[in-house]
Amino acid sequence: MRRFAIMLAALLCVGTARGADIAVALTDDRVEVDADFSGADLTLFGAVTGVEDDADAFDIIAVITGPSGDFNVRPLEQRGIIWLPGDPAIIKDAPRFYASSATRPINDIAPLPDQAQFELGVDNIAAVDLYADGDAAHPFNAAFLDAQETDGHYQDRVGGVSFVKGALFTISAALPASTPVGDYAVAVYLYRDGVMIDSDTAELRVNKVGLERRIYDLAHQRPVLYGLLCVAVSLLAGWIAGLAFRKS
Amino acid sequence: MQIYLPIAEITVDPFVIVFLGAAVGFLSGMFGVGGGFLMTPLLIFYGVPPAVAVGTEASQIVASSVSGVLAHLRRKTVDLHIGGFLVAGGGAGAVVGIFIFRYFREIGQIEVFISIAYVVFLGAIGLLMLMESLRALLREPTAKRTRRKHRSAEWMAVMPFATRFRRSGLYISPIPPIVLGFLVGMLASIMGVGGGFIMVPAMLYILNMPTNVVVGTSLFQIIFVTAIATVLHAAANQTVDILLALMLLTGGVIGAQIGARAGRRLKGEQLRALLALIVLAVCARLFFDLALPPDALFVVEPTS
């Protein structure tokens, strides 16, 4: 009897999945984030549609990926009495921001092949595969991931996805102040009993506003003008400071 | 409260930065030094990337020198003629310094390079100051110093293009001021210092300039050369964080006023011995940071 019940449940699962009436969708397909001096907390909303079941039956993994870039990883080597950075290894086209959020630990939700294929979790970012010899992971990879996680640029958030009410869920991530600007991709994967049922993607535009952003833009786009302005501001500030204290 | 610095790309506590500015301002007011050679290492200790610390410090020195330069110009204690040659050499030195800085940045060794430069300079200057002030403290306080001769060294007398510098009362070749300016300009670019601690003794003992114009002329050179270095750093490396500079300046002007008052209570030799100890302490910290096994055995940096 009990075995029958499990079989029935399994059949139902397959049935609903095949039926393709379960879908996951983000409510906004384009979100503007205004990161200011202190960084931003990002919250995205989505819903699982086409199900009557309890939301507890599902798991969701969301992956937010920022623009990519190349990175140098240098080992520190002892030369004589001091430590010097040695020759760099280059990690190409790695995301400059990566955040995974999930309802539960990813290992409990998705099978390993899925994790590798869809790059679920910081450890599965495909670009980070320096000198991969099949089995042995190169220490550079771990060092790179460590550094990115320390900066808040890479993060895995267990519990970062949670069902709010019924089939409505939220995805949360913390964008540090040094978050790169640009186009981000959000991928959402819906799982039940270790099987991916559906997925959805959305785009996210991260902009920065305010004085801090203007300074950054000016410094990088018109560096000479910025330099001259720095001198002018310094001269003015120094002069004002001098006046203020001469009178006192 | 936390503020994100756009160029340094780190989040800092503005009160800590203002306090840092005030502390170094206090010391520079007390000892009558620029303070760049203390501020840059302290910024590095706080976590500001060394390249940004250097570029930003150049702009802060511009700000903190303005009132001094104006005061000296009013009092006519600036030798503009010799100062012009110093600035000419300094500008060229700043450009060369930027190229050296850029080279080390490209090969990824700029942080170590800056630290080593500081260890060498702070170590040498700290030791010299300490020895000199200890000798002075141990000597009879009334003992008179041998008077300086107002004559140039022989090697300077044989140089060409001898020019009369009226305010300094010198008749020397402009080559030594240009070379001196050049060396100090290089330091300004590479280390983010004004270089007064080298310029002033060099003016006194090598160029034989009279004491009353030395500080003003040195400040005159510093403000031009650090301004040039600021523009060069901004243009070549994008490492000038004006927000950081302004916060440091805010603390700096206040600290300098308090420091100047505190400095009047101490004797010159005591002051110099104290400054020497501070300089050596900063030097030691930089050295240990280089020599001790680092926390993280890897450096990760974006290449683009």
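Student: How do I read the way helix α3 and helix α10 of chain B cross?

Tutor: Start with the general idea. Two packed helices are described by the angle between their axes and the distance between the axes. Now the case in this predicted model. Helix α3 of chain B spans residues 50-74, and helix α10 of chain B spans residues 242-263. Their axes come within 9 Å and cross at roughly 40°. The two helices are therefore oblique to each other.

Student: In which hand does α3(B) pass α10(B)?

Tutor: The crossing is right-handed.

Student: Which residues make the contact?

Tutor: From α3(B) come B:Thr56, B:Ser59, B:Gln60, B:Ala63 and B:Ser64. From α10(B) come B:Ile242, B:Leu244, B:Ala245, B:Leu248, B:Leu249 and B:Gly252. By class, six of the contact residues are nonpolar, five are polar and none is charged.

Student: Now the two chains. How many residues does each chain give to the contact?

Tutor: The size of an interface is often given as the accessible area lost when the parts come together. Here we count residues instead. Chain B gives 44 residues and chain A gives 44 residues.

Student: Which element of chain B gives the largest share?

Tutor: That is α3(B), with nine residues. Elements giving two or more residues also include β1 (3-5), α9 (211-237) and α11 (268-291) of chain B. On this side of chain B, 28 residues are nonpolar, 14 are polar and two are charged.

Student: In which sense does strand β5 of chain A pair with β5(B)?

Tutor: The sense is antiparallel, over five bridges. Strand β5 of chain A covers residues 68-79. Look at A:Val73: its bridge partner in β5(B) is B:Val300.

Terms used: Residues are numbered from 1 along each chain as its sequence is written. Chains are lettered from A and ligands numbered from 1 in the order in which they are written. This is a predicted model: local features need pLDDT of at least 70, side-chain atom pairs count only at pLDDT 80 or more; totals for chains, interfaces and linings use all residues. Axes are lines fitted to C-alpha atoms, for helices over the stretch in contact, and angles run from 0 to 180 degrees between N-to-C directions. Helices (H or I, at least four residues) and strands (E, at least two) are DSSP runs, numbered from the N terminus. Angles under 35 degrees count as roughly parallel, over 145 as roughly antiparallel, 65 to 115 as roughly perpendicular and the rest as oblique. A crossing is left-handed if the near helix is turned anticlockwise from the far one by less than a right angle, and right-handed if clockwise. Two residues are in contact if their C-beta atoms, placed from the backbone, lie within 7 Å. Ala, Val, Leu, Ile, Met, Phe, Trp, Tyr, Cys and Pro count as nonpolar, Asp, Glu, Lys and Arg as charged, and the others, Gly among them, as polar. Two strands pair if DSSP finds at least two bridges between them.
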